[in-house]
Amino acid sequence: MSNTHFPFTAVVGQDDLRLALLLNAVSPAVGGVLVRGEKGTAKSTAVRALSALLPHVDVVPGCRFSCAPAAPDPTCPDGPHEPGPGADRPARMVELPVGASEDRLVGALDIERALAEGVKAFEPGLLADAHRGILYVDEVNLLHDHLVDVLLDAAAMGASYVEREGVSVRHAARFLLVGTMNPEEGELRPQLLDRFGLTVEVAASREPAQRVEVVRRRLAYEDDPAGFAARWAGDESEVRARVVAARALLPQVVLGDTALMQIAATCAGFEVDGMRADIVMARTATALAAWAGRTSVLKEDVRQAALLALPHRRRRNPFDAPGLDEDKLDEILDGFPDEEPEPEPDPEPQGPDDNGGGPDGGDGGVPPQGGGPETGHAPDAPQPQESPEAQPSAPQGGAGGAEQAAVAAAEPFRTKMLSVPGLGEGAAGRRSRARTAHGRTTGAQRPRGQLTKLHLAATVHAAAPHQKARGRSGPGLVVRRDDLRQATREGREGNLVLFCVDASGSMAARQRMSAVKGAVLSLLLDAYQRRDKVGLITFRGVGAELALPPTSSVDAAAARLEKLPTGGRTPLGAGLLKAHEVLRIERLRDPSRRPLLVVVTDGRATSAGSVGGDPRELSGRSARLLAAEGVASVVVDCESGPVRLGLAGALAADLGAPAVTLDGLRADSLAGLVKNVRTAVTPTASANSVSRRAA
């Protein structure tokens, strides 16, 4: 297997992606790049190829932290370094796996040696490896939040801190941060999105000629990687030289008052929160000027900087797709007079031919946002296809009749928190109690494998009785490995929240279905904030459909909910059996993630679907089956009007779950709900019922 990377300049199209990466290569202070897009769009290929364009770095020989000989880090754990010649090596491209631990990221400190010998035995992590290079995080949206926080803190401060029970290590960690993600698999929290300097949306070209060229180049590369790279060596050298020249020119670029006012007006006009956007835009515009070979920032630089730095900072809720109104941007910038560009003594061309005249065209200068004429404007976000249950079905007899068109959801509201009782061990989140790596300390135990969180008091307590037998003579404590105790911590986990929504004719009243959709949308927002996986089952007519398999993308669930039509009979039992099947499969895939089933219905059952038999008897048996397997559930009662049959309450009793009305789901009616939950949780079913607390 060849180690030759696909050349950066051979990537077809994706002008915005290439430009954003090159701007960070020119000025790492821009703050990194977040690349959003569907799979198979050269995200990883372009990032890996960028490392070949970065200038080589001079390092202190033998230093594990890549200190520069001319200015070594005074706090380097391998220091102090004596003056001397350095060793030249290429800039590294370090990849952070999604499943990496915190110690793998920041480094591991040997607590046993620190306590027993007073030695700071530190094993560097990936942040040290990436110093003065690139740190690449594929599927950054699937990384645990606390790791993303650590990563972005290090990127912002240029240093990494490791502290374990009062023993601390610090080392420099300056790197170009690049993250890629597929929005269909879940979004990053807005606070984390804001920490990335630039964002780029990528999508596959719909132009046949360009797609043909992509395939042609990829096959040529796979047949002869070295020969293919050699054919692009000239273009690679040209862009590499331009990066070096732009870095040298960067300190001379002047960001004038006019450009600063344009930046401030743009950020204010788009109502961007905080001041980070203004700072990133200023740095990006300066880098754009240096990349174009200029020493002054022009309006075109500010415009391009806005298109790269603002789209991901304008989201007001998780279901807003990133994007920027370019007409509004032009209107803001047109309020400022055009600049007269200063004459340049040796102007650089707007960009080398970065594809050797290939059909992807374009140059390495400042391409338009959206991928240029070849790629078209990238969509705001991948749109999920319409689910099968959204297709028209034959009219069914009974309540509801034929299908009715989808209605819009009512305004979402803050919901009460639903949580699974007991103590889980699932992925870190914000819903149910669980044993986690982070949280409050609740006890101590012997470590299983490598010690990560020392319980100091328990360790001292274990070692104290043996000091005389171990011949202790000085003030230090004689500690053996058997004395070490691992701290056990309790935090919160994310759950699988599976929605089972009644879309039958009995729910078809427009005002009623709008309220139901608003309630489910509110619960989806809550699931997003608590880092849950979500799934959506709908039932109507003669059966149930899995509208959305369990996923981390609440955006996809909201899109399916928006298109949900109503009509036909009510196969409640089929919906519950479908939920049982989905949860059984998910239990095999991810045993540690505990489920929470949310059944949204008025409790009517008018069809047994393909199972046959009495519909109400089938729904009761299905509910009791879920309860017997310990599935925590809650029933959202959608029945309305002066006369109520109480069927949802009967269903809740069969599930061993509380029932709550649409109005009772709101966070401002807590007392009644807590009472309902306490009466629903019996001593034998307490492990399987749903507890609730205020969010």
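Modeller: We can go through the cores, the rings, some helices and a few backbone details.

Colleague: What kind of model is it?

Modeller: This is a predicted model, so local features need pLDDT of at least 70, side-chain atom pairs count only at pLDDT 80 or more, and totals for chains, interfaces and linings use all residues. Residues are numbered from 1 along each chain as its sequence is written, and side-chain values use heavy atoms, with hydrogens and water left out.

Colleague: How many residues are in the largest nonpolar core?

Modeller: It has 59 residues, and among those with the most contacts inside it are Leu21, Met281 and Trp291. A nonpolar core is a set of buried Ala, Val, Leu, Ile, Met, Phe, Trp, Tyr and Cys residues joined through side-chain atoms within 4.5 Å, where buried means under 20% relative accessible area, exposed over 50%, and partly exposed in between (1.4 Å probe, protein chains only). The largest share of this core, 10 residues, comes from helix 12 (residues 276-291); helices (H or I, at least four residues) and strands (E, at least two) are DSSP runs, numbered from the N terminus. There is also a second, separate core of 38 residues, which includes Leu418 and Val660.

Colleague: And what does methionine 281 touch?

Modeller: Not counting residues up to four places away in sequence, methionine 281 touches Ile263, Thr266, Cys267, Val302, Ala305, Ala306, Ala309 and Leu310, with contact meaning heavy atoms within 4.5 Å.

Colleague: Switching to rings, how many aromatic pairs are there?

Modeller: A search of the whole structure finds 4 aromatic pairs. Rings of Phe, Tyr and Trp (its six-membered ring) pair if their centres lie within 6.5 Å, and planes under 30 degrees apart count as stacked, over 60 as edge-to-face and the rest as tilted. Tyrosine 221 and phenylalanine 228 form an edge-to-face pair because their planes stand at 75°, with the ring centres 6.0 Å apart.

Colleague: Why is the pair of phenylalanine 228 and tryptophan 232 called tilted?

Modeller: That pair is tilted because the planes are at 45°, while the centres are 6.2 Å apart. Phe6, Tyr221, Phe228 and Trp232 form one aromatic cluster. Phenylalanine 228 is buried at 3% relative accessible area, and tryptophan 232 also counts as buried, at 9%.

Colleague: Which helix does helix 13 meet?

Modeller: Helix 13 (residues 299-309) packs with helix 14 (residues 326-333) at an angle of about 145°, and their axes are 11 Å apart. Axes here are lines fitted to C-alpha atoms, for helices over the stretch in contact, and angles run from 0 to 180 degrees between N-to-C directions. The residues that meet include Val302 and Ala306 in helix 13, and Leu329 and Leu333 in helix 14.

Colleague: Is helix 2 mostly covered or mostly uncovered?

Modeller: Helix 2 (residues 43-50) is mostly covered, since 6 of its 8 residues are buried. Lys43 and Ser44 are among the buried ones, and the buried residues pack against several elements, including helix 1 (15-26) and strand 1 (33-37).

Colleague: Last topic, the backbone: where is the cis peptide bond?

Modeller: It joins glycine 79 and proline 80, with omega about 0°, and proline 80 has its place in the loop between strand 2 (57-59) and strand 3 (87-89). Serine 66 is found in the loop between strand 2 and strand 3, and serine 66 has a positive phi of about 55° although it is not a glycine. For background, most residues other than glycine have a negative phi, and most peptide bonds are trans.
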